[in-house]
Amino acid sequence: MSRVRMGMVGGGPGAFIGAIHRCAAALDGEIELVCGAFSRDIGRSRQTGEALGLSAERIYDDYVSMIETEAALPASDRMEFVAIVTPNKMHFPVADMALRNAFHVFCEKPATFDLDEALKLRKAVLDSGCRFGLAHTYIGYPMVQEARARVAAGELGEVTRVLVEYTQGWLSSAAVAGKEEPSWRLDPKQAGASSAMGDIGVHASNIAEFVTGLGIVSVLADLGAVVPGRELDDDGTVLLRFSNGARGVLVASQICTGEANNLSLRVYGTQGGLEWQQQEPNTVVLKFVDRPDQVIRTGDPFVGAGAQAFTRTPAGHPEGYIEAFANLYRAFASDVRQTGNRPAWRGQVHVPGIDEAVRGMAFIESVVASSRDQSVWRTMGEAV
């Protein structure tokens with residue numbers, strides 16, 4: 001089976017997420033990196049491309065020349081989709097140009113700089129007929145798929161309470177702000193309206209909606225910059241109301257000293273509850289009133305089809321972040337194959353896409369507005 005050809009914008013020296021995307025895309029041998037514009041610094045872009053073994057003519061000075069040149073190549077040679085791993089400010093212009101030139105797009109989150117751009121992007125995706133994938137990595141874990149299936153099957157009864165936390169400690173000191181990687185995340189001109197909520201809060205809202213199958217309809221937020229001098233939030237708490245009337249709490253903080261990457265989700269219903277943690281991703285715990293807790297592990301023979309499709313190794317062999325990311329890339333490559341009438345991966349599952357992109361930006365803007373207006377309830381809006 002021929003590999004799906006990928007280009008990349010961003011992901012040059014010092015940008016860890018670019019390397020993560022490349023590892024994940026390559027894991028199954030179904031995707032090939034054929035070109036890239038890896039940095040605004042031409043020398044650094046060429047340095048990255050050469051280290052990755054790309055030919056000189058496929059290492060571009062900027063995304064415009066990359067898309068224009070690739071579009072002029074024979075269909076059998078040109079890239080088929082572009083992975084966007086730039087600061088948020090550049091997501092929309094790159095994606096929009098790629099879609100207008102009939103290239104599929106796989107993009108880092110949040111999808112755009114603001115909600116207005118997200119709505120424009122949705123129109124561009126629909127007009128193009130191309131695929132759009134969003135890097136909500138945690139949806140790629142088998143046990144997140146299993147958690148969603150258990151809720152959908154009614155094992156928890158009606159969902160009444162959702163608690164989701166995403167805590168990190170890497171911004172707990174002002175000293176980190178001078179380093180290259182985090183600097184743009186704290187810059188409103190590059191990151192947008194939020195740092196903590198835009199970077200990790202949007203992951204938390206996405207996984208809460210994905211597992212429960214419910215939409216967040218309104219929010220009440222208290223955001224702040226704990227470290228003096230920061231223009232954007234590094235910490236925040238949000239009260240949530242869901243489409244079925246359930247209530248929830250979302251915490252997103254990057255100043256929790258000592259925390260690494262601690263995303264956790266608890267969902268409670270009228271008949272039971274469940275718990276999942278990203279730092280122990282191969283386990284889901286189900287809790288009931290009338291019987292003992294049930295521990296479900298990745299690779300167990302009785303898990304559902306979604307978890308099975310995302311499981312790569314036998315039970316007892318831990319699967320982690322790269323595998324979860326690779327699951328999304330494999331599913332996205334399958335979507336691209338379908339548009340080209342080529343054999344697709346049979347274990348098809350949902351890849352977060354343009355709907356999640358718009359909802360994510362609506363969440364970010366709603367919580368920022370709520371906090372700015374002295375923590376009042378804000379509706380997510382009919383547009384999402």
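Tutor: The following account treats the pockets and then the cavities.

This is a predicted model, in which local features need pLDDT of at least 70 and side-chain atom pairs count only at pLDDT 80 or more, while totals for chains, interfaces and linings use all residues. Residues are numbered from 1 along each chain as its sequence is written, and side-chain values use heavy atoms, with hydrogens and water left out.

Rolling a probe the size of a water molecule over the atoms shows where empty space is left. On a 1 Å grid over the protein atoms alone, a pocket is an open set of points with protein on both sides within 12 Å along at least five of seven lines, whereas a cavity is a set of points where a 1.4 Å probe fits but cannot get out; a lining residue has an atom within 4 Å of a point. A volume is the space filled by probe spheres set on the points, which are joined across faces, edges and corners.

The largest pocket holds about 1,100 Å³ of space. Its lining comprises 48 residues, of which Ala15, Val85, Thr86, Pro87 and Trp184 are the closest to its centre. At least two lining residues come from each of strand 1 (4–10), helix 1 (16–26), helix 7 (180–183), helix 8 (188–191) and helix 9 (196–212); here helices (H or I, at least four residues) and strands (E, at least two) are DSSP runs numbered from the N terminus. Helix 9 contributes the most to this lining, namely four residues. By class, the lining of the largest pocket has 19 nonpolar, 17 polar and 12 charged residues, where Ala, Val, Leu, Ile, Met, Phe, Trp, Tyr, Cys and Pro count as nonpolar, Asp, Glu, Lys and Arg as charged, and the others, Gly among them, as polar.

The second largest pocket has about 310 Å³ of space. Asn206, Glu209, Phe210, His350 and Glu356 are the closest to its centre among the 20 residues that line it. Nine of the lining residues are nonpolar, six polar and five charged.

The largest cavity, of about 40 Å³, is lined by Asn282, Arg297, Thr298, Gly316, His317 and Pro318. The second largest cavity has a volume of about 30 Å³, and its lining has six nonpolar, four polar and no charged residues.
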